[in-house]
Amino acid sequence: MCGIVGIVATSFVNQTIYDALTVLQHRGQDAAGMVTCAGDRFFMRKDNGLVNEVFRTRHMKRMEGNMGIGHVRYPTAGSSSSAEAQPFYVNSPYGIALAHNGNLTNAEQLADDIFRADLRHINTTSDSEVLLNVFAHELQRLGKLQPTAEDIFQAVEQVHARCQGGYAVVAMITGYGILAFRDPHGIRPLVYGKREVDGRVEYMVASESVALDTSGFTLEADVLPGEAVFIDTDGVLHKRQCAQITKLAPCLFEYVYLARPDSIMDKISVHQSRMLMGVKLAEKVLKECPQHDIDVVIPIPDTSRTAALEMAKRLDVTFREGFIKNRYIGRTFIMPGQTQRKKSVRQKLNPIQAEFKDKVVMLVDDSIVRGTTSKQIVQMAREAGARKVYFASAAPEVRFPNVYGIDMPTAGELIAHGRTADEVGEYIGCDWMLYQDLDDLKASITEINPAIKEFDTCVFDGAYVTGTVDKAYLDRLEARRNDGAKSRSDDADADADDSADLHTCIDAD
């Protein structure tokens, strides 16, 4: 889960990219980066930290140019080194910078091919750098001194032929324009829009439409699965389908948790889909326990608020805000270590005792992943005086790791893996555990956009839509993703980061 943005404009784009990244901050809090282009020169700044920590006034003054790309990152393989921050850059051909949201499932094989056959060097463990070098190699093979949009689309065709997994990509070619493309299944989101300034059209591509809205761009369309969009330096948009076989299968977890509620992706309002999730949860309550004794429905802020409100309305019970959230604590789901996650929950949420005392409380969360947060929240509710504590998840049981760009824990670290709903409820300490049915979750999307026939549901049912994920890959993934491996990786990254400032910047600090 990362956030990407690219802009071609008539004036400097540094501030607009900065603003877009701040509203995409929820997609990654580990690192941020930006590359702009003026003439034949790139200007880059990237480092670990939040957007407002990475970009200071002195950095922004150096970010010249009327086109650029940006990225906010969280690590999908456990590494949080600043060397992994995006965008990445290669100087041949032309000079290309690239940022990417997702994960290549054949990155290891590609890296070997790039070294042995393409004669290119990979400097990090990031699959984004692998993807950049694949694209650069395929573009260089065409042997064009001045590439056309058609040449660029031909290179994207070969990227699709070589790369497996889920990916949404934004790239900038020095002096030529901005390229954006999406994997043949459209697993990760990507949209584009335009605005008119002094009679000229400017374009933006981004992970979510909210980035367009806040910068004054009007949403035009989603980048379709397998499609590529190229905006040249004159502001002319070119697009073409570059994959032979495509099938839209967006990630369901985007709508449950990852995306902002004010975003529209694949013609789906995230807010409306979460409203339907709440309605369907309520209907399941009425089906399983029509004579329920729920006094109050309380959301676990922030993502579950919409579903909880609709659930309360459908059940005709009181809705209350029972937890106060510390806005200065990051999203615990994407924190790298279990110790840090456990510590942050108590710092992040504090109950309002009056809303719990002597009541039967239905807590609603967007999902349960490790169960760490849920267990502590249930305990908080009991300590605040709740007579009974029920717990509802707007998503089905998360039982399998994600391989398409979400740093989902290994199967053994997922609380629902190998457990029934009642067993999960017993573990987190609630009196009743209620999960959304997978068919109902899908219906929360398809009732808004019936054209979507398939989804990436791998975290719920272990079905990987690309058909290229086997047990050997999952075993390797588990070795990289477990908390012990992450702790060792973070220690090594800290040692490396202590020894030098970010040395990959083209425009050095």
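Visitor: Which strand holds Ala97 in this predicted model, and is Ala97 buried or exposed?
Guide: In this predicted model, Ala97 lies in strand S6, which spans residues 96–104. Its relative accessibility is 0%, and because buried means under 20% relative accessible area, Ala97 counts as buried.

Visitor: What is the C-alpha to C-alpha separation between Ala97 and Thr36?
Guide: Leaving aside neighbours within four places in sequence, Ala97 is in contact with several residues, among them Val35, Phe42, Ile69 and Val170. Thr36 is 61 residues from Ala97 in sequence, and in space the C-alpha to C-alpha distance between Ala97 and Thr36 is 9.3 Å.

Visitor: Which residue makes a polar contact with the side chain of His100 through its own side chain?
Guide: His100 is also found in strand S6, and at 1% relative accessibility His100 counts as buried. Not counting residues up to four places away in sequence, His100 touches a set of residues including Cys2, His71, Asp127, Ser128 and Tyr167. With the polar contact at 2.7 Å, the side-chain partner of His100 is Ser128.

Visitor: What is the order of the strands in the open sheet of seven strands, and which strands stand at its edges?
Guide: The seven strands pair in the antiparallel sense and follow the order S3-S2-S4-S1-S10-S9-S11. The twist averages 15° from one strand to the next. Each edge strand has a single partner strand, so one side of each is left without a neighbour in the sheet, and these edge strands are S3 (41–48) and S11 (218–222).

Visitor: Which residue in S3 is the bridge partner of Cys37?
Guide: Strand S2, residues 31–38, and S3 pair in the antiparallel sense over eight bridges. Within S3, the bridge partner of Cys37 is Phe42.

Visitor: What angle does the direction of helix H1 make with that of S4?
Guide: Helix H1, residues 14–23, packs on the sheet and touches S1, S2, S4, S9 and S10. Of these, S4 covers residues 67–73, and the direction of H1 makes with that of S4 an angle of about 25°.

Visitor: What is the order of the strands in the sheet of five strands, and which strands are at its edges?
Guide: The five strands form an open sheet with parallel pairing, in the order S17-S16-S20-S21-S22. The edge strands, each of which pairs on one side only, are S17 and S22 (432–435).

Visitor: What angle does the direction of helix H9 make with that of S22?
Guide: Helix H9, residues 270–288, packs on this sheet, where H9 touches S20, S21 (388–393) and S22. The direction of H9 makes with that of S22 an angle of about 130°.

Visitor: Through which helix does the chain cross from S16 to S17?
Guide: S16 and strand S17, residues 318–319, pair in the parallel sense over two bridges, and Val296 stands opposite Thr318 in S17. The β-α-β crossover from S16 to S17 is right-handed, and its helix, residues 305–315, is H10.

Visitor: What distance separates the C-alpha atoms of Gly425 and Ala392?
Guide: Gly425 has its place in helix H13, residues 421–428, and is buried with a relative accessible area of 3%. Not counting residues up to four places away in sequence, Gly425 touches Cys430 and Met433. Gly425 and Ala392 are 33 residues apart along the chain, and their C-alpha atoms are separated by 9.9 Å.

Conventions:
Residues are numbered from 1 along each chain as its sequence is written. This is a predicted model: local features need pLDDT of at least 70, side-chain atom pairs count only at pLDDT 80 or more; totals for chains, interfaces and linings use all residues. Side-chain values use heavy atoms; hydrogens and water are left out. Helices (H or I, at least four residues) and strands (E, at least two) are DSSP runs, numbered from the N terminus. Buried means under 20% relative accessible area, exposed over 50%, partly exposed in between (1.4 Å probe, protein chains only). Contact means heavy atoms within 4.5 Å. Two strands pair if DSSP finds at least two bridges between them. A crossover is right-handed if, with the strands pointing away from the viewer, the path from the first strand over the helix to the second runs clockwise. Axes are lines fitted to C-alpha atoms, for helices over the stretch in contact, and angles run from 0 to 180 degrees between N-to-C directions. A polar contact is a pair of N or O atoms within 3.5 Å; within protein, one must be able to donate a hydrogen and the other to accept it, and residues adjacent in sequence count only if both atoms are side-chain atoms.
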